[in-house]
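Thanks for making the time this morning.

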Amino acid sequence: MRLSRYFLPVLKETPADAQIVSHRYMLRAGMIKQASAGIYSWLPLGYKVLKRIEQIVHEEQQKAGHIPMLMPTLQSADLWRESGRYDDYGQEMLRITDRHDRDMLYGPTNEELITDIFRSYVRSYKDLPLTLYHIQWKFRDEIRPRFGVMRGREFLMKDGYNFDLTKEDALHAYNRHLVSYLRTYERMGLQAIPMRADGGPIGGDYTHEFLVLAETGESEVFYDSEITDLTFGDREVDFDNVEQCQAVLEEFTSRYARTDETHDEALFNEIPEDRRRVARGIEVGQIFYFGTKYSEAMGANVQTAEGTQVPVHMGSHGIGVSRLLGAIIEASHDDKGIIWPEGVTPFHVGIVNLRQGDDETDAACEALYASFKALGLDPLYDDRDERAGGKFATMDLIGLPWRITVGPRGLKNGVVELTSRRTGESEEMPPEEAVKRIAAIYEGV
Ligand code: ATP
Ligand code: MG
């Protein structure tokens, strides 16, 4: 993309009403624009990152054997009356009446709809296990939407639902989700720690929230500092292998890590004092096994091998896709702007032309641009007729992890400058070498 033809409405001033850094930078970098309280338009740059995050979620879900689909945003109230949640959900649910006076709602989550789909088609244990998921907009009429996309009213969520014959099978699905989430967040450059969470009104021990540590997080968390040494890395996991998934779950959940809802001071105090941590975190996902709550209420039964009818065991598993943009920025920025991890960056590399209109400099930039395109990479070329300082400030603000600076002085010696956004370190090298370096960086991403 050429910046002269892009739509990147960056703001010079810090928006007064944005309280946290991710919200400020998303507004300043022209990523989002508030449409009304807690509802945002995704401007091109923000939309691009959102799509990259979605893509990672899709890839990792499908590696785990989960099947993508799409359910609507608007749902009929009838299904929610069946499950009993229509009245329980309260004011967070946006209720709508259509022209025929039918009660509708903008889905805050999809257990009812997916259970209805399941019961309409699936009859036999032979069709299990089954995990379906989608990435769709949700609406929750939050009392206090704030922090930009972190706590919106309309927000994008991946929600997946497993259907299994037995509790044991459903717990394998739970473990499988935990494992796939670990890899998902790491690919986004995040450490998200699975923490024992509260089952809420449904109860039960089988729920973990994934939290990214950040001072601005809304949740108070308590953990054993050893947990932050764990990384999933690129280990191979066979998602059908029950023992393997169980082992990963144990590795990542055996140390103390809880939200304030489940915190147990006595247990916490058993950890050596120098390892006890009290901090804040951003919830970027949650996994949940809830058994037969919905299948019993809505009659989602399957026939067993013995010919009896049993309610199917279910769980639901969410990732806060749009919230993740905020979480990533909270975890990765400096006083100049965002620092995107390579896995989610909107453009792979920025090209800054220091002397727009100078034939040789223009030609060198065009050649770099073409080389990246030919490699299937996505460069952003700042070809505007602007001062160097302004171009650098924009690049720093929007946070591309790599920048190539091209000017007449360097070109005289046959070199351009390659700069890391994270370290600020620059290195001079021939343009072809810079292309090779960038290509190598993104090979494994
Ligand atoms: P919270 O406790 O933050 O209100 P939740 O536990 O009610 O969230 P879930 O039902 O677990 O949310 O939804 C799955 C994920 O969706 C959450 O882990 C979070 O990342 C994201 N999410 C939930 N509510 C919002 C919101 N209002 N804005 C943006 N993302 C959200
Ligand atoms: Mg949650």
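Which helices and strands each supply at least two residues of the lining of the largest pocket? Before I answer, please keep in mind that this is a predicted model. The elements in question are helix 4 (85-88), strand 8 (154-164), strand 13 (276-291), helix 9 (293-298), strand 16 (313-320) and helix 10 (321-331), and of these it is strand 13 that gives the most, with 8 residues.

The largest pocket holds about 1400 Å³ of space, and its lining is made up of 49 residues, with Y89, R140, E209, E283 and Q286 lying nearest the centre. Sorted by class, that lining has 17 nonpolar, 16 polar and 16 charged residues.

Let me turn to the second largest pocket, where the space comes to about 470 Å³. There are 17 residues in its lining, and I56, R187, G343, G444 and V445 are the closest to its centre. Helix 2 (44-63) and helix 6 (167-187) are the elements that give two or more residues to this lining, with helix 2 contributing the largest share, 4 residues. The class division here is 4 nonpolar, 6 polar and 7 charged.

Next come the cavities, of which a search of the whole structure finds 2 of 30 Å³ or more. The largest cavity, at about 90 Å³, has a lining that includes L182, Y185 and E186 as well as I227, L230 and F252, and helix 6 and strand 9 (192-196) each supply at least two of its residues. Its lining divides into 9 nonpolar residues, 1 polar and 1 charged.

The second largest cavity has about 60 Å³ of space, and among the residues lining it are G38, Y40, W42 and W137; strand 2 and strand 8 are the elements that give two or more.

Strand 1 (residues 32-36) and strand 2 (residues 39-42) run antiparallel and are joined by 4 bridges, with S36 paired to I39. Between these strands there are 2 residues, and G38 takes a positive phi near 70° in this hairpin.

Key
Residues numbered from 1 in each chain as written. Chains lettered and ligands numbered in written order. Predicted model: local features only at pLDDT ≥ 70, side-chain atom pairs only at ≥ 80, totals over all residues. Heavy atoms only, no water. 1 Å grid on protein atoms, 1.4 Å probe; cavity = no way out; pocket = protein on both sides within 12 Å on 5 of 7 lines; lining within 4 Å. Points joined across faces, edges and corners; volume = space filled by probe spheres on them. Nonpolar A, V, L, I, M, F, W, Y, C, P; charged D, E, K, R; others polar. Pairing = 2+ DSSP bridges.
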